[in-house]
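Welcome, and thanks for taking a look at this model with us. Please open the sequence and the coordinates side by side before reading on.

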Amino acid sequence: IPATIYESAADACTAVSKEIADVIRLKQNKGEYAVLGLATGSTPKKVYQELIRLHRNEGLSFNNVVAFNLDEYYPLQPDALQSYKRFMDENLFDHIDIDKKNCFIPQGDTPQELLKMYCEEYEKKIEAFGGIDIQLLGIGRNGHIGFNEPGSHISSATRLITLDQTTRLDAVNDFSGIAQVPRKAITMGVGTIMKARRIVLLAWGERKAGIIKQAVEGPVTEFVPASYLQGHQNAVIVLDEAAAAELT
Ligand code: F6R
């Protein structure tokens, strides 16, 4: 996978938001939807800030945008403080002119007996909008993309998964204690992600350097789900210098 390295995360986020804005405008000119695959967590926050700035100061409209988020904790009420639904509203959707009816995030309060059907419908909804034009990804320290933890199959679809202990520990600061961190999540699959026409994985800081080396230069293996991106023909890894430090 090609890696693009910027001096700072801020520079990288400016470039990535410009790429997203270009996709949105190109589709606008054709009278089509732009379908964005979005991530939560600390990594993409500055991209969202820059998209908000482009909306406010440079007239970028999101009126043709459809957004599909990667994942959500399960079970979790959509209005919970830690929900990714709330994260997306607060960090992006509430500040732009996107139609909230076009914002899809797996629902953490889906009744258990409906989950299988719910996940299949999430996949179908993505397909109904023509598939994802550009998918943003972060990476977990264990190599997860979305919440596809090590062991996830390359052709996995949207499903309920069990979170790794490292993932739960990384989330502990958002909750009141480890016992409060949900044990499961709904996540788009690796297969769902791989169908996106463009994939942009972001990583900042030295704590991601080791896993970035494995994902980019190591073997393609289920033990590092991000390594599957090596098999995508239009994926890029966008790094700051600290996250790129271990690349040869
Ligand atoms: C979030 C997601 C996760 C995060 C990853 C990194 O929607 O899918 O894969 O991208 O856990 O999290 P941060 O950015 O907080 O380091």
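A residue counts as buried if 20 or more other C-beta atoms lie within 10 Å of its own, as exposed if 12 or fewer do, and as partly exposed in between, with C-beta atoms placed from the backbone. By that count Ser8 is partly exposed, because 13 other C-beta atoms lie within 10 Å.

Two notes on reading what follows. This is a predicted model, in which local features need pLDDT of at least 70 and side-chain atom pairs count only at pLDDT 80 or more, while totals for chains, interfaces and linings use all residues. Residues are numbered from 1 along each chain as its sequence is written.

**Confidence and overall form**

The protein chain has an average pLDDT of 98, and 100% of its residues score at least 70; pLDDT is the predictor's confidence in each residue, from 0 to 100. For the model as a whole, ipTM is 0.99 and pTM is 0.98.

Seven helices and ten strands make up the secondary structure of the protein chain. Here helices (H or I, at least four residues) and strands (E, at least two) are DSSP runs, numbered from the N terminus. The protein chain is as compact as a globular protein of its length, because its radius of gyration of 17 Å is close to the 18 Å that the globule rule gives for 248 residues. That radius is taken over C-alpha atoms, and the rule is 2.2 Å times the number of residues to the power 0.38. Along the principal axes, the C-alpha atoms fill a box of roughly 50 × 45 × 35 Å.

Of the 248 residues, 44% are buried. Two residues are in contact if their C-beta atoms, placed from the backbone, lie within 7 Å. Among contacts between residues at least 6 apart in sequence, 80% join residues at least 24 apart.

UniProt, in an unreviewed entry, lists residues 8–235 as "domain: Glucosamine/galactosamine-6-phosphate isomerase". UniProt positions are given in the numbering used here, feature names are shortened, and annotations may be inferred rather than shown by experiment. The span 8–235 is 34% helix and 15% strand, and its end C-alpha atoms lie 20 Å apart. Ser8 itself sits in the loop between β1 (3–6) and α1 (9–29). Its C-alpha atom is 6.8 Å from that of Glu241, although 233 residues separate Ser8 and Glu241 along the chain.

**Around the ligand**

Which residues come nearest to the ligand? Of the 14 residues around the ligand, they are Thr40, Gly41, Ser42, Thr43 and Gly138. A residue is near a molecule if its C-beta atom, placed from the backbone, lies within 6 Å of it. The shell has five nonpolar, eight polar and one charged residues. In this scheme Ala, Val, Leu, Ile, Met, Phe, Trp, Tyr, Cys and Pro count as nonpolar, Asp, Glu, Lys and Arg as charged, and the others, Gly among them, as polar.

**Annotated active-site positions**

The unreviewed UniProt entry gives Asp71, Asn142, His144 and Glu149 under "active site". Asp71 lies in strand β4 (residues 71–74). Beyond four places in sequence, Asp71 touches Tyr84, Pro106, Gly146, Phe147, Ala185, Ile186, Thr187 and Met188. Asn142 is found in the loop between β6 (134–137) and β7 (159–162). Leaving aside neighbours within four places, Asn142 is in contact with Glu149, Pro150, Asp164, Thr166 and Thr167; Glu149 is also on the "active site" list from UniProt.

| Residue | Other C-beta atoms within 10 Å | Class |
|---|---|---|
| Asp71 | 23 C-beta atoms | buried |
| Asn142 | 18 C-beta atoms | partly exposed |
| Pro106 | 28 C-beta atoms | buried |
| Asn29 | 9 C-beta atoms | exposed |

Pro106, one of the contacts of Asp71, belongs to the loop between β5 (103–104) and α4 (115–128). Apart from neighbours within four places in sequence, Pro106 is in contact with Asn69, Asp71, Glu72, Tyr122 and Ile186. Glu72 is also in contact with Lys85, together with Pro78 and Ile105. Lys85 lies in helix α3 and counts as buried, because it has 22 C-beta neighbours inside 10 Å.

Pro75 is in the loop between β4 and α3 (84–91). A cis peptide bond joins Tyr74 to Pro75, with omega about -10°. Most peptide bonds are trans.
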